[in-house]
Amino acid sequence: MQTSRTNPSLTVFVATLLAFAVLITALSEGYGTGHLSTSFIKTLGKTLCLGLAALAMDLIWGYAGILSLGHMAFFALGGYMIGMWLMYARTREIVEASLSGGGLPATPQELEQGIASQIFGVVGGSDLPFIWGFAHSFPLQMALVVLVPGVLALVFGWLAFRARVTGVYLSILTQAMTLALALYLFQNESGLRGNNGLSGLQNLPGLADVDQATLSVWFFWASAAALGLAYLLISWIVSGKFGSVIRAIRDDEARVRFLGYSVEGYKLFVFALTAVVIALAGALYYPQAGIINPAELAPTASIYLAVWVAIGGRGRLYGAVIGAAVVSLLSSWFTGGRAPSIPLGFGRLDWVDWWQVLLGLTFVLVTLFAPKGLGGLFDALTGLRSPNRRGAALGPDQGALQEREAQK
Amino acid sequence: MTALLEVSGVTVSFDGFRAINNLTFSIGPAELRAIIGPNGAGKSTFMDIVTGKTRPDSGSVLFGDLSRSLLKMTEAQIARAGIGRKFQRPTVFEDQSVAENLTLALRAARSPWRVLFWRPTAQDRGRVAELAEQVGLLDHLARKSGELSHGQKQWLEIAMLLAQEPRLLLVDEPAAGMTPAERDLTTDMLVEIAKTRAVVVVEHDMEFVRRLNCKVTVLHEGAVLAEGSLEHVTRNKDVIDVYLGRGE
């Protein structure tokens with residue numbers, strides 16, 4: 001198969017992921033020895049979802065060269081869409097149970113009213129906004145998980161790419177998009193409970209008798225499967241001529257136009273595809289997190305996504321996943337208060353406060369001195385190295401990039 | 001003989017400066033043409049107009065048997081209609097192999113969906129090898145094109161143009177930065193290509209133009225100053241005044 005030939009990491013990645021999933025299951029509370037706590041299983045499951053988001057980010061930034069700093073908006077939108085169904089269906093169960101106490105079965109109107117006041121009482125409402133119109137149906141709401149972020153990405157991308165907005169201007173525009181969306185969702189009138197967000201998402205409707213220890217392993221498996229499938233899909237996309245076209249767009253988009261390719265069409269395709277992949281990642285992430293609120297759409301969330309990919313090494317898919325996993329796990333360790341503080345003569349260095357500084361410094365250092373990121377370690381292990389030309393052009397004849405420069 | 005490309009009465013101004021002034025130009029379906037002119041004569045702007053990069057203020061640009069107007073088309077649509085362009089500095093995708101570069105250019109469907117599911121057939125591979133052989137790069141198919149010498153990159157770009165199977169080729173200073181031996185080869189290539197399609201060469205180097213041995217159009221201040229054989233235009237008094245007589 002061409003994909004595995006041009007992407008030798010594919011087999012290794014899938015095998016590693018599988019081994020990891022088996023190991024974690026064996027150590028879990030739900031299915032194994034219980035060495036790992038349920039909350040840690042959830043953290044690992046969430047990390048896999050973040051890896052999936054980073055994978056999509058690598059496709060759009062590392063391969064197509066579009067530095068979108070708004071993709072976490074799609075992640076949160078995916079979460080909101082699944083959250084609406086989870087919250088509606090779960091509330092319905094509770095309301096049904098309480099209404100049936102009267103002896104008579106509840107009428108649909110009573111039921112609807114009960115659900116609406118349960119969900120929206122917190123923001124002083126008692127009617128379901130029309131955007132909740134599909135929340136009663138699992139398949140319809142699942143379709144929205146894909147459609148809402150997908151259509152938003154198509155409309156936004158179409159406007160931005162058609163106007164030939166590129167480079168840093170596009171990055172700023174995507175930041176504005178995610179910020180605007182966050183500010184909108186913060187309002188109670190947006191119909192998604194304002195700054196309260198959606199909560200109780202860890203409880204799956206109809207599975208009240210399944211405990212969280214078991215559920216966490218299910219979600220962990222689903223996240224691992226999604227990551228594996230997405231890795232397969234994106235490897236396949238970048239290994240063929242499509243990958244060649246988007247890398248060409250990254251390097252010289254004007255030239256690609258003169259070859260007859262519609263650059264805008266390709267960018268739009270990649271933008272929307274990655275938005276959908278990230279939305280699915282979000283739809284798997286938030287049931288494990290249990291809660292979603294508009295702060296998840298903050299511009300910094302999308303910047304973190306870019307930082308993970310940069311530290312992991314962009315332009316190589318496994319690098320993005322490793323970057324997301326390492327940085328987000330370290331981040332939760334440092335900010336979780338478990339990292340020991342370092343006493344300095346004049347005060348104490350608390351990692352909760354200083355972790356972000358450390359992360360920022362790491363980002364700068366990686367960008368300057370190790371542009372291949374963590375993924376570059378694999379190159380070092382296999383004896384590949386890049387010629388260090390300090391940005392000089394690949395000159396003619398003797399000066400041209402020589403094959404031997406790339407080997408030890 | 002009907003013209004393949006007909007540019008008539010085209011005018012373009014940038015901030016009040018008339019880069020192209022009422023330019024009229026036409027070329028037949030299998031013709032080699034050299035465009036010469038001093039710096040700022042409008043040679044590059046002319047190419048930009050034909051390839052859709054710059055929109056003229058007035059005038060018309062018609063192409064092909066059906067005389068389709070190019071003015072409403074995007075760069076990509078014009079390229080698909082059959083106009084290929086070679087830039088002055090070699091622009092190949094240096095991070096990709098020679099074979100990948102040629103495959104990108106190969107005449108095939110260009111829409112994202114079709115490209116996503118496109119896989120090379122034996123025929124496509126054969127065509128890539130054939131093109132590479134034509135420009136002497138058959139042994140370098142698997143190499144990254146960034147490793148090629150300057151002259152080889154120029155040829156790779158010419159091969160990419162041929163892979164597109166255009167009906168009209170616009171070539172900007174193909175001999176710039178080449179060794180004399182590479183120049184001779186390039187001349188032969190262009191003459192050979194022009195037997196089956198239209199080729200417009202923009203060139204500074206008179207010696208190179210002499211070797212092409214074709215009809216010459218002299219541009220000056222955005223308009224055609226003279227047209228004819230090189231002998232003819234070099235005897236033209238206006239041409240001598242503005243171009244050749246500058247003590248070069």
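Trainee: Let's start in chain B: which residue in strand 2 is the bridge partner of B:Leu5?

Mentor: Keep in mind that this is a predicted model. Strand 1 of chain B covers residues 5-14 and strand 2 covers residues 17-27, and the two run antiparallel. So look in strand 2 for the residue bridged to B:Leu5, and you land on B:Ile27.

Trainee: How many bridges join those two strands?

Mentor: Strands 1 and 2 of chain B form a hairpin with two residues between the strands. B:Asp15 takes a positive phi near 50° in that hairpin. As for the bridges joining the strands, the number is seven.

Trainee: Over to chain A. Is A:Asn203 buried, partly exposed or exposed?

Mentor: A:Asn203 is found in the loop between strand 1 (198-199) and helix 8 (212-239) of chain A. A residue needs 20 or more other C-beta atoms within 10 Å to be buried, and 12 or fewer to be exposed. A:Asn203 has 19, so it counts as partly exposed.

Trainee: What separation do the C-alpha atoms of A:Asn203 and A:Gly70 have?

Mentor: Along the chain, these two are 133 residues apart.

Trainee: Now the contact between the chains: which helix of chain A gives the largest share of the side that touches chain B?

Mentor: The contact takes 27 residues from chain A and 30 residues from chain B. On the chain A side, helix 9 (241-251), helix 10 (253-258) and helix 11 (263-289) each supply at least two residues. That side divides into 13 nonpolar, six polar and eight charged residues. The largest share, seven residues, comes from helix 9.

Conventions. Residues numbered from 1 in each chain as written. Chains lettered and ligands numbered in written order. Predicted model: local features only at pLDDT ≥ 70, side-chain atom pairs only at ≥ 80, totals over all residues. Helix = DSSP H or I, 4+ residues; strand = E, 2+ residues; numbered from the N terminus. Contact = placed C-beta atoms within 7 Å. Nonpolar A, V, L, I, M, F, W, Y, C, P; charged D, E, K, R; others polar.
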